[in-house]
Amino acid sequence: MVERSCLTVVLAAGEGTRMKSALPKVMHAIAGRPMLGHVLSAAKEAGSGRLALVLGPAMEQVRAYAGQAAAGAALFEQGERLGTAHAVLAARDALREGADDVVVLYGDTPLIAADTLRKVRAALAEGADIVVLGFRAADPFGYGRLILDSAGELAAIREEREASEAEKQVDLCNSGVLAFAGAHMPALVEAIGNDNAKGEFYLTDAVEIGRARGLKLVVIECPETEVMGVNSRAELARAESLMQERLRAAALAGGVTMTDPSSVFLSFDTVLGRDVTIEPNVFFGPGVSVGEGAAIRGFSHLEGARIGQDAQIGPFARLRPGAEIGLGAKVGNFVEIKKSDIAAGAKVNHLTYIGDASIGAGANIGAGTITCNYDGYNKAKTVIGARAFIGSNSSLVAPVTIGDGAYVGSGSVITKDVSGGALAVERSQQIERAGWADRFNEIGARKKRT
Ligand code: UD1
Ligand code: MG
(Lines give C-alpha, C1' and ligand atoms only; values in the text may rest on other atoms or scores of the structure.)
(Ligands and ions follow the chains in the order given, each with its own letter.)
Protein backbone atom coordinates (compact mmCIF):
# COMPACT_ATOMS: atom_id res chain seq x y z
CA MET A 1 0.00 0.00 0.00
CA VAL A 2 1.25 3.46 -0.86
CA GLU A 3 1.41 5.62 2.21
CA ARG A 4 -0.99 8.55 2.24
CA SER A 5 0.46 12.00 2.62
CA CYS A 6 -0.83 14.11 5.48
CA LEU A 7 -0.93 17.81 6.29
CA THR A 8 -1.90 18.80 9.82
CA VAL A 9 -3.12 22.33 10.40
CA VAL A 10 -2.78 23.39 14.04
CA LEU A 11 -4.92 26.34 15.10
CA ALA A 12 -3.26 28.48 17.72
CA ALA A 13 -4.34 32.03 17.05
CA GLY A 14 -6.33 32.29 20.27
CA GLU A 15 -5.02 34.84 22.75
CA GLY A 16 -5.85 32.79 25.80
CA THR A 17 -7.13 35.79 27.75
CA ARG A 18 -8.36 33.61 30.60
CA MET A 19 -4.85 32.34 31.27
CA LYS A 20 -4.02 35.89 32.47
CA SER A 21 -0.50 35.48 31.21
CA ALA A 22 2.22 37.27 29.30
CA LEU A 23 2.94 33.94 27.62
CA PRO A 24 0.81 32.86 24.63
CA LYS A 25 -1.54 30.10 25.79
CA VAL A 26 -0.08 27.27 23.70
CA MET A 27 3.37 27.94 25.23
CA HIS A 28 2.21 26.97 28.70
CA ALA A 29 3.82 23.65 29.56
CA ILE A 30 2.44 20.35 30.70
CA ALA A 31 4.84 17.58 31.68
CA GLY A 32 7.74 19.91 30.87
CA ARG A 33 6.78 20.74 27.29
CA PRO A 34 4.63 23.51 25.81
CA MET A 35 1.10 22.35 24.97
CA LEU A 36 1.83 23.10 21.33
CA GLY A 37 4.75 20.66 21.44
CA HIS A 38 2.46 17.85 22.57
CA VAL A 39 0.08 18.53 19.70
CA LEU A 40 2.85 18.75 17.09
CA SER A 41 4.40 15.55 18.33
CA ALA A 42 1.08 13.63 18.26
CA ALA A 43 0.59 14.81 14.66
CA LYS A 44 4.09 13.71 13.66
CA GLU A 45 3.67 10.38 15.42
CA ALA A 46 0.45 9.80 13.51
CA GLY A 47 2.42 10.17 10.29
CA SER A 48 1.79 13.78 9.38
CA GLY A 49 4.73 14.62 7.18
CA ARG A 50 3.70 18.26 6.89
CA LEU A 51 2.63 20.70 9.58
CA ALA A 52 1.06 24.13 9.26
CA LEU A 53 0.64 26.37 12.25
CA VAL A 54 -1.85 29.23 12.40
CA LEU A 55 -0.80 31.93 14.85
CA GLY A 56 -2.15 35.25 15.98
CA PRO A 57 -0.24 38.50 15.50
CA ALA A 58 2.80 39.11 17.69
CA MET A 59 3.36 35.55 18.81
CA GLU A 60 7.12 35.66 18.54
CA GLN A 61 7.69 33.11 21.30
CA VAL A 62 5.46 30.62 19.51
CA ARG A 63 7.31 31.21 16.25
CA ALA A 64 10.66 30.67 17.91
CA TYR A 65 9.46 27.53 19.64
CA ALA A 66 7.92 26.08 16.47
CA GLY A 67 11.15 26.77 14.62
CA GLN A 68 12.99 24.58 17.06
CA ALA A 69 10.35 21.92 17.89
CA ALA A 70 9.04 21.43 14.35
CA ALA A 71 11.61 22.91 12.02
CA GLY A 72 9.71 22.07 8.82
CA ALA A 73 6.38 23.53 9.95
CA ALA A 74 4.92 26.31 7.82
CA LEU A 75 3.81 29.29 9.91
CA PHE A 76 0.80 31.42 9.03
CA GLU A 77 -0.66 34.45 10.69
CA GLN A 78 -4.38 35.00 11.10
CA GLY A 79 -4.61 38.79 11.38
CA GLU A 80 -8.13 38.86 12.75
CA ARG A 81 -9.89 36.03 14.59
CA LEU A 82 -12.91 35.45 12.44
CA GLY A 83 -13.54 31.82 13.30
CA THR A 84 -12.11 28.35 12.93
CA ALA A 85 -12.81 28.11 9.18
CA HIS A 86 -11.16 31.48 8.65
CA ALA A 87 -8.19 30.25 10.68
CA VAL A 88 -7.82 27.14 8.53
CA LEU A 89 -7.89 29.31 5.41
CA ALA A 90 -5.03 31.37 6.79
CA ALA A 91 -3.00 28.26 5.88
CA ARG A 92 -4.44 28.28 2.33
CA ASP A 93 -0.99 28.14 0.74
CA ALA A 94 -0.23 24.90 2.56
CA LEU A 95 -3.66 23.47 1.64
CA ARG A 96 -3.07 24.30 -2.02
CA GLU A 97 0.08 22.23 -2.10
CA GLY A 98 -2.26 19.28 -1.53
CA ALA A 99 -2.15 16.18 0.67
CA ASP A 100 -4.22 13.00 0.79
CA ASP A 101 -5.30 13.76 4.36
CA VAL A 102 -5.79 17.17 5.92
CA VAL A 103 -6.20 17.07 9.72
CA VAL A 104 -7.16 20.10 11.78
CA LEU A 105 -6.08 20.22 15.44
CA TYR A 106 -6.18 22.86 18.16
CA GLY A 107 -2.94 23.97 19.80
CA ASP A 108 -4.64 24.15 23.21
CA THR A 109 -5.80 20.51 23.26
CA PRO A 110 -2.58 18.89 24.41
CA LEU A 111 -3.80 15.42 25.39
CA ILE A 112 -4.76 14.26 21.92
CA ALA A 113 -3.17 10.86 21.33
CA ALA A 114 -1.38 9.78 18.18
CA ASP A 115 -3.41 6.55 18.18
CA THR A 116 -6.65 8.47 17.91
CA LEU A 117 -5.27 10.52 15.03
CA ARG A 118 -4.27 7.27 13.33
CA LYS A 119 -7.90 6.10 13.61
CA VAL A 120 -9.08 9.37 12.10
CA ARG A 121 -6.66 8.96 9.20
CA ALA A 122 -7.64 5.31 8.78
CA ALA A 123 -11.26 6.44 8.23
CA LEU A 124 -10.07 8.76 5.45
CA ALA A 125 -8.06 5.90 3.95
CA GLU A 126 -11.24 3.82 3.93
CA GLY A 127 -13.06 6.43 1.86
CA ALA A 128 -14.44 9.07 4.23
CA ASP A 129 -14.43 12.63 2.90
CA ILE A 130 -14.87 14.29 6.29
CA VAL A 131 -14.06 12.72 9.66
CA VAL A 132 -15.22 14.34 12.89
CA LEU A 133 -13.66 13.30 16.17
CA GLY A 134 -16.49 13.27 18.70
CA PHE A 135 -16.76 12.52 22.41
CA ARG A 136 -19.51 12.07 24.99
CA ALA A 137 -19.40 15.16 27.17
CA ALA A 138 -20.22 14.98 30.86
CA ASP A 139 -21.44 18.55 30.45
CA PRO A 140 -22.02 19.37 26.77
CA PHE A 141 -22.63 23.08 27.37
CA GLY A 142 -20.58 25.23 25.00
CA TYR A 143 -19.59 22.48 22.60
CA GLY A 144 -20.78 21.95 19.06
CA ARG A 145 -23.24 19.01 19.07
CA LEU A 146 -23.03 16.22 16.53
CA ILE A 147 -26.51 15.97 15.02
CA LEU A 148 -27.31 12.58 13.54
CA ASP A 149 -30.17 11.83 11.13
CA SER A 150 -32.70 9.02 11.60
CA ALA A 151 -30.31 6.60 9.94
CA GLY A 152 -27.63 7.52 12.48
CA GLU A 153 -25.57 9.36 9.88
CA LEU A 154 -23.88 12.67 10.78
CA ALA A 155 -26.04 15.47 9.42
CA ALA A 156 -24.59 18.61 10.99
CA ILE A 157 -22.55 20.11 13.81
CA ARG A 158 -24.59 22.65 15.71
CA GLU A 159 -22.82 25.25 17.81
CA GLU A 160 -24.29 26.00 21.25
CA ARG A 161 -25.66 29.37 20.20
CA GLU A 162 -27.52 27.98 17.20
CA ALA A 163 -28.74 24.77 18.84
CA SER A 164 -32.45 24.17 19.48
CA GLU A 165 -33.55 22.95 22.92
CA ALA A 166 -33.75 19.39 21.56
CA GLU A 167 -30.27 19.64 20.03
CA LYS A 168 -28.87 20.93 23.32
CA GLN A 169 -29.83 17.59 24.88
CA VAL A 170 -27.33 15.81 22.63
CA ASP A 171 -24.20 14.81 24.52
CA LEU A 172 -22.16 13.68 21.52
CA CYS A 173 -19.91 16.68 20.96
CA ASN A 174 -17.36 17.98 18.52
CA SER A 175 -13.83 17.73 19.87
CA GLY A 176 -12.59 20.22 17.32
CA VAL A 177 -10.50 17.63 15.52
CA LEU A 178 -11.73 17.44 11.95
CA ALA A 179 -10.12 15.72 9.02
CA PHE A 180 -10.74 16.05 5.31
CA ALA A 181 -9.89 14.18 2.17
CA GLY A 182 -7.36 16.55 0.66
CA ALA A 183 -9.13 16.60 -2.71
CA HIS A 184 -11.87 18.82 -1.22
CA MET A 185 -9.47 21.33 0.22
CA PRO A 186 -9.47 24.25 0.33
CA ALA A 187 -12.73 24.46 -1.73
CA LEU A 188 -14.92 22.95 1.01
CA VAL A 189 -13.76 25.44 3.62
CA GLU A 190 -13.97 28.34 1.18
CA ALA A 191 -17.68 27.56 0.75
CA ILE A 192 -18.32 28.31 4.44
CA GLY A 193 -20.11 31.59 5.24
CA ASN A 194 -20.55 33.53 8.47
CA ASP A 195 -24.32 33.83 8.68
CA ASN A 196 -24.68 32.77 12.32
CA ALA A 197 -25.11 34.14 15.83
CA LYS A 198 -21.42 34.99 16.25
CA GLY A 199 -20.87 36.22 12.70
CA GLU A 200 -17.89 33.83 12.55
CA PHE A 201 -16.75 31.39 9.91
CA TYR A 202 -17.42 28.04 11.58
CA LEU A 203 -15.28 25.17 10.35
CA THR A 204 -18.03 22.89 11.62
CA ASP A 205 -20.29 24.11 8.80
CA ALA A 206 -18.17 22.00 6.46
CA VAL A 207 -20.26 19.05 7.63
CA GLU A 208 -23.61 20.35 6.33
CA ILE A 209 -22.03 21.60 3.14
CA GLY A 210 -20.32 18.27 2.61
CA ARG A 211 -23.53 16.37 3.21
CA ALA A 212 -25.38 18.51 0.65
CA ARG A 213 -22.63 17.66 -1.81
CA GLY A 214 -23.06 13.94 -1.15
CA LEU A 215 -19.73 13.50 0.62
CA LYS A 216 -19.12 10.62 3.00
CA LEU A 217 -19.09 11.75 6.64
CA VAL A 218 -17.74 9.64 9.48
CA VAL A 219 -17.69 10.16 13.26
CA ILE A 220 -14.95 8.61 15.39
CA GLU A 221 -15.31 8.74 19.16
CA CYS A 222 -12.61 9.17 21.78
CA PRO A 223 -12.62 9.69 25.56
CA GLU A 224 -13.45 13.20 26.73
CA THR A 225 -10.18 13.49 28.64
CA GLU A 226 -8.20 13.25 25.41
CA VAL A 227 -9.78 16.31 23.87
CA MET A 228 -10.08 18.63 26.83
CA GLY A 229 -9.18 22.18 25.89
CA VAL A 230 -7.12 24.38 28.15
CA ASN A 231 -8.42 27.89 28.66
CA SER A 232 -7.47 28.68 32.25
CA ARG A 233 -4.81 27.83 34.81
CA ALA A 234 -7.26 25.46 36.50
CA GLU A 235 -7.68 23.57 33.22
CA LEU A 236 -3.92 23.61 32.74
CA ALA A 237 -3.51 21.92 36.12
CA ARG A 238 -6.19 19.37 35.22
CA ALA A 239 -4.47 18.60 31.90
CA GLU A 240 -1.17 18.24 33.75
CA SER A 241 -2.69 15.72 36.12
CA LEU A 242 -4.23 13.70 33.29
CA MET A 243 -0.90 13.71 31.45
CA GLN A 244 0.93 12.62 34.62
CA GLU A 245 -1.48 9.70 35.01
CA ARG A 246 -0.72 8.66 31.46
CA LEU A 247 3.06 8.93 31.92
CA ARG A 248 2.99 7.05 35.24
CA ALA A 249 0.87 4.27 33.77
CA ALA A 250 3.35 3.92 30.90
CA ALA A 251 6.29 3.79 33.34
CA LEU A 252 4.64 1.12 35.48
CA ALA A 253 3.77 -0.89 32.39
CA GLY A 254 7.41 -0.63 31.33
CA GLY A 255 8.67 -2.33 34.50
CA VAL A 256 9.27 0.56 36.89
CA THR A 257 8.40 0.26 40.59
CA MET A 258 6.86 3.34 42.19
CA THR A 259 5.82 3.19 45.82
CA ASP A 260 3.40 6.09 45.36
CA PRO A 261 2.99 6.91 41.67
CA SER A 262 0.74 9.87 42.45
CA SER A 263 3.66 11.71 44.06
CA VAL A 264 6.10 11.14 41.19
CA PHE A 265 6.15 13.83 38.51
CA LEU A 266 7.46 12.85 35.12
CA SER A 267 8.37 14.81 32.00
CA PHE A 268 7.12 14.05 28.52
CA ASP A 269 10.55 12.64 27.65
CA THR A 270 11.56 10.85 30.87
CA VAL A 271 13.21 7.54 30.02
CA LEU A 272 13.12 4.90 32.76
CA GLY A 273 14.78 1.52 32.35
CA ARG A 274 13.46 -1.78 33.60
CA ASP A 275 13.52 -2.39 37.34
CA VAL A 276 14.10 1.23 38.17
CA THR A 277 12.57 2.00 41.55
CA ILE A 278 11.28 5.42 42.43
CA GLU A 279 10.40 6.37 45.98
CA PRO A 280 7.69 8.94 46.78
CA ASN A 281 8.00 12.64 46.02
CA VAL A 282 10.41 12.65 43.13
CA PHE A 283 10.34 15.28 40.37
CA PHE A 284 11.68 14.66 36.87
CA GLY A 285 12.21 17.75 34.73
CA PRO A 286 12.88 17.39 31.00
CA GLY A 287 15.78 15.37 29.64
CA VAL A 288 16.28 12.67 32.26
CA SER A 289 17.11 9.05 31.54
CA VAL A 290 17.58 6.38 34.18
CA GLY A 291 19.33 3.09 33.49
CA GLU A 292 18.08 -0.35 34.48
CA GLY A 293 17.97 -1.20 38.15
CA ALA A 294 18.78 2.30 39.36
CA ALA A 295 17.02 3.61 42.48
CA ILE A 296 15.75 7.17 42.81
CA ARG A 297 15.00 7.76 46.45
CA GLY A 298 12.48 10.14 47.92
CA PHE A 299 12.42 13.91 47.48
CA SER A 300 14.95 14.01 44.67
CA HIS A 301 14.74 16.64 41.93
CA LEU A 302 16.26 15.75 38.56
CA GLU A 303 16.50 17.54 35.24
CA GLY A 304 18.72 17.07 32.19
CA ALA A 305 20.54 14.19 33.89
CA ARG A 306 21.64 10.76 32.71
CA ILE A 307 21.72 8.11 35.38
CA GLY A 308 23.55 4.85 34.77
CA GLN A 309 22.48 1.32 35.55
CA ASP A 310 22.17 0.39 39.23
CA ALA A 311 23.06 3.88 40.40
CA GLN A 312 21.50 5.20 43.61
CA ILE A 313 20.26 8.74 43.82
CA GLY A 314 18.97 10.49 46.93
CA PRO A 315 17.04 10.77 49.12
CA PHE A 316 17.01 14.56 48.76
CA ALA A 317 19.41 14.74 45.81
CA ARG A 318 19.37 17.43 43.17
CA LEU A 319 20.68 16.58 39.72
CA ARG A 320 20.87 19.53 37.35
CA PRO A 321 21.45 19.61 33.58
CA GLY A 322 24.57 17.83 32.46
CA ALA A 323 24.81 15.49 35.45
CA GLU A 324 26.03 12.12 34.16
CA ILE A 325 26.00 9.45 36.83
CA GLY A 326 27.87 6.24 36.02
CA LEU A 327 27.15 2.59 36.60
CA GLY A 328 26.47 1.84 40.25
CA ALA A 329 27.55 5.29 41.42
CA LYS A 330 25.95 6.79 44.53
CA VAL A 331 24.69 10.31 45.03
CA GLY A 332 23.31 10.82 48.51
CA ASN A 333 21.32 13.31 50.53
CA PHE A 334 21.63 17.06 50.08
CA VAL A 335 24.00 16.67 47.16
CA GLU A 336 23.72 18.95 44.13
CA ILE A 337 25.39 17.97 40.87
CA LYS A 338 25.57 20.13 37.76
CA LYS A 339 27.31 19.50 34.42
CA SER A 340 29.59 16.83 35.83
CA ASP A 341 30.47 13.22 35.10
CA ILE A 342 30.50 10.88 38.05
CA ALA A 343 32.17 7.68 36.83
CA ALA A 344 31.21 4.13 37.71
CA GLY A 345 31.17 3.26 41.39
CA ALA A 346 32.07 6.73 42.63
CA LYS A 347 30.34 7.95 45.79
CA VAL A 348 29.17 11.44 46.60
CA ASN A 349 27.06 10.70 49.59
CA HIS A 350 26.43 13.76 51.71
CA LEU A 351 25.96 17.53 51.63
CA THR A 352 28.10 18.29 48.61
CA TYR A 353 28.15 20.55 45.57
CA ILE A 354 29.77 19.19 42.42
CA GLY A 355 29.71 21.54 39.42
CA ASP A 356 31.71 21.48 36.17
CA ALA A 357 33.66 18.48 37.37
CA SER A 358 34.66 15.05 36.32
CA ILE A 359 35.03 12.43 39.00
CA GLY A 360 36.87 9.21 38.25
CA ALA A 361 35.69 5.67 38.82
CA GLY A 362 35.52 4.55 42.43
CA ALA A 363 36.43 7.97 43.86
CA ASN A 364 35.02 8.87 47.27
CA ILE A 365 33.87 12.41 47.86
CA GLY A 366 33.50 13.17 51.56
CA ALA A 367 30.66 15.02 53.22
CA GLY A 368 30.55 18.74 52.62
CA THR A 369 32.92 18.82 49.67
CA ILE A 370 32.48 21.86 47.45
CA THR A 371 33.84 22.37 43.97
CA CYS A 372 34.38 26.12 43.81
CA ASN A 373 33.64 26.38 40.11
CA TYR A 374 32.73 30.05 39.77
CA ASP A 375 34.83 33.12 40.50
CA GLY A 376 32.03 35.56 39.91
CA TYR A 377 32.85 35.86 36.21
CA ASN A 378 33.81 32.48 34.78
CA LYS A 379 33.29 28.80 35.41
CA ALA A 380 36.26 26.46 35.73
CA LYS A 381 36.65 22.72 35.84
CA THR A 382 37.60 20.31 38.59
CA VAL A 383 39.07 16.94 37.63
CA ILE A 384 39.22 14.21 40.24
CA GLY A 385 41.02 11.01 39.32
CA ALA A 386 39.90 7.43 39.73
CA ARG A 387 39.88 6.11 43.33
CA ALA A 388 40.81 9.52 44.72
CA PHE A 389 39.64 10.26 48.26
CA ILE A 390 38.45 13.75 49.08
CA GLY A 391 38.20 14.29 52.83
CA SER A 392 35.13 15.90 54.30
CA ASN A 393 34.63 19.63 54.23
CA SER A 394 37.16 20.23 51.46
CA SER A 395 36.94 23.10 49.01
CA LEU A 396 38.38 22.38 45.58
CA VAL A 397 39.06 25.72 43.92
CA ALA A 398 38.80 25.25 40.16
CA PRO A 399 40.55 24.94 37.84
CA VAL A 400 42.20 22.13 39.70
CA THR A 401 43.13 18.50 39.12
CA ILE A 402 43.40 15.78 41.74
CA GLY A 403 45.35 12.79 40.43
CA ASP A 404 44.28 9.14 40.44
CA GLY A 405 44.34 7.62 43.89
CA ALA A 406 45.30 10.91 45.57
CA TYR A 407 44.14 11.73 49.10
CA VAL A 408 42.94 15.14 50.22
CA GLY A 409 42.87 15.70 53.98
CA SER A 410 39.60 16.87 55.51
CA GLY A 411 39.00 20.58 55.67
CA SER A 412 41.53 21.44 52.98
CA VAL A 413 41.15 24.34 50.60
CA ILE A 414 42.84 22.94 47.52
CA THR A 415 44.04 25.56 45.04
CA LYS A 416 46.90 23.66 43.41
CA ASP A 417 46.88 20.39 41.47
CA VAL A 418 47.51 17.24 43.50
CA SER A 419 49.62 14.46 41.98
CA GLY A 420 48.32 10.95 41.65
CA GLY A 421 48.92 8.85 44.77
CA ALA A 422 49.90 11.90 46.86
CA LEU A 423 48.45 13.34 50.06
CA ALA A 424 47.47 16.99 50.10
CA VAL A 425 46.49 18.68 53.33
CA GLU A 426 45.88 22.39 53.58
CA ARG A 427 45.16 23.41 57.17
CA SER A 428 47.11 24.81 60.12
CA GLN A 429 48.97 22.51 62.51
CA GLN A 430 47.01 21.13 65.44
CA ILE A 431 48.42 22.17 68.81
CA GLU A 432 47.85 20.53 72.19
CA ARG A 433 48.28 22.00 75.73
CA ALA A 434 48.21 19.39 78.44
CA GLY A 435 45.73 20.10 81.29
CA TRP A 436 44.56 23.39 79.74
CA ALA A 437 40.84 22.41 79.69
CA ASP A 438 40.86 21.19 83.30
CA ARG A 439 42.32 24.51 84.51
CA PHE A 440 39.91 26.49 82.37
CA ASN A 441 36.93 24.64 83.83
CA GLU A 442 38.10 25.08 87.43
CA ILE A 443 38.47 28.85 87.05
CA GLY A 444 35.24 29.07 85.10
CA ALA A 445 33.24 27.26 87.80
CA ARG A 446 34.58 29.64 90.49
CA LYS A 447 33.75 32.77 88.46
CA LYS A 448 30.26 31.63 87.44
CA ARG A 449 27.54 34.04 88.69
CA THR A 450 24.48 32.26 90.02
C1 UD1 B 1 -14.96 24.95 18.71
C2 UD1 B 1 -15.94 24.25 17.75
C3 UD1 B 1 -16.93 23.42 18.55
C4 UD1 B 1 -16.19 22.43 19.42
C5 UD1 B 1 -15.17 23.14 20.32
C6 UD1 B 1 -14.31 22.12 21.01
C7 UD1 B 1 -16.22 25.69 15.79
C8 UD1 B 1 -17.07 26.70 15.15
N9 UD1 B 1 -16.62 25.26 16.98
O10 UD1 B 1 -15.73 25.87 19.46
O11 UD1 B 1 -17.80 22.73 17.67
O12 UD1 B 1 -17.11 21.69 20.21
O13 UD1 B 1 -14.31 23.98 19.53
O14 UD1 B 1 -13.50 22.74 21.95
O15 UD1 B 1 -15.23 25.30 15.23
N16 UD1 B 1 -9.05 29.65 16.64
C17 UD1 B 1 -8.22 30.36 15.81
N18 UD1 B 1 -8.73 31.39 15.11
C19 UD1 B 1 -10.04 31.76 15.17
C20 UD1 B 1 -10.87 31.01 16.03
C21 UD1 B 1 -10.36 29.97 16.74
O22 UD1 B 1 -7.03 30.06 15.71
O23 UD1 B 1 -10.42 32.69 14.48
C24 UD1 B 1 -8.51 28.53 17.40
C25 UD1 B 1 -8.47 28.82 18.89
O26 UD1 B 1 -7.21 29.32 19.28
C27 UD1 B 1 -8.73 27.46 19.50
C28 UD1 B 1 -9.57 26.75 18.45
O29 UD1 B 1 -9.35 27.42 17.25
O30 UD1 B 1 -7.53 26.74 19.67
C31 UD1 B 1 -11.05 26.70 18.80
O32 UD1 B 1 -11.55 27.99 18.95
P33 UD1 B 1 -12.60 28.33 20.08
O34 UD1 B 1 -12.91 29.79 19.98
O35 UD1 B 1 -12.17 27.80 21.37
O36 UD1 B 1 -13.87 27.51 19.55
P37 UD1 B 1 -15.13 27.04 20.39
O38 UD1 B 1 -16.14 28.12 20.38
O39 UD1 B 1 -14.70 26.48 21.68
MG1 MG C 1 -12.95 26.51 22.88
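Trainee: Where is the place of Pro315?

Mentor: In this predicted model, Pro315 is in the loop between strand E21 (312–313) and strand E22 (317–319).

Trainee: What kind of peptide bond joins Gly314 and Pro315?

Mentor: A cis one, with omega about 0°. Another cis bond runs from Met185 to Pro186, where omega is near 5°. Pro186 is in the loop between E10 and H7. These are worth a look because most peptide bonds are trans.

Trainee: Why is the meeting of Glu190 and Arg92 called a salt bridge?

Mentor: Let's check it together. The cut-off is 4 Å between a side-chain nitrogen of Lys or Arg and a carboxyl oxygen of Asp or Glu. The N to O distance for Glu190 and Arg92 is 2.7 Å, so the pair qualifies. This pair also links distant parts of the chain: Glu190 belongs to helix H7 (residues 187–190) and Arg92 to helix H4 (residues 92–96), 98 residues apart.

Trainee: How many salt bridges does the structure hold?

Mentor: There are 21.

Trainee: Now the ligand. How do you know that Glu159 makes a polar contact with ligand 1?

Mentor: Compare the distance with the limit, which is 3.5 Å between N or O atoms. An N or O atom in the side chain of Glu159 is 2.7 Å from an oxygen atom of ligand 1, so this counts. A polar side-chain atom of Asp108 lies 3.3 Å from a ligand oxygen, which is within the limit too. Ala13 uses a backbone N or O atom instead, at 3.1 Å from an oxygen atom of ligand 1.

Trainee: How much of ligand 1 does the protein bury?

Mentor: Taken alone, ligand 1 exposes 750 Å², and the protein buries 84% of that. Ligand 1 sits in the largest pocket. Strand E1 (6–12), helix H3 (84–90) and strand E10 (172–181) each give two or more residues to the shell around ligand 1.

Trainee: Which residues are closest to ligand 1, and how many surround it?

Mentor: 20 residues surround ligand 1, and the closest are Gln78, Gly83, Thr84, Glu159 and Asn174. The shell divides into 8 nonpolar, 8 polar and 4 charged residues.

Methods. Residues are numbered from 1 along each chain as its sequence is written. Chains are lettered from A and ligands numbered from 1 in the order in which they are written. This is a predicted model: local features need pLDDT of at least 70, side-chain atom pairs count only at pLDDT 80 or more; totals for chains, interfaces and linings use all residues. Side-chain values use heavy atoms; hydrogens and water are left out. A residue is near a molecule or strand if one of its heavy atoms lies within 4 Å of it. A polar contact is a pair of N or O atoms within 3.5 Å; within protein, one must be able to donate a hydrogen and the other to accept it, and residues adjacent in sequence count only if both atoms are side-chain atoms. Accessible areas come from the Shrake-Rupley method with a 1.4 Å probe; for residues, only the protein chains shown count as cover. On a 1 Å grid over the protein atoms alone, a cavity is a set of points where a 1.4 Å probe fits but cannot get out, and a pocket is an open set with protein on both sides within 12 Å along at least five of seven lines; lining residues have an atom within 4 Å of a point. A molecule sits in a cavity or pocket if more than half of its atoms lie within 2 Å of its grid points. Helices (H or I, at least four residues) and strands (E, at least two) are DSSP runs, numbered from the N terminus. Ala, Val, Leu, Ile, Met, Phe, Trp, Tyr, Cys and Pro count as nonpolar, Asp, Glu, Lys and Arg as charged, and the others, Gly among them, as polar.
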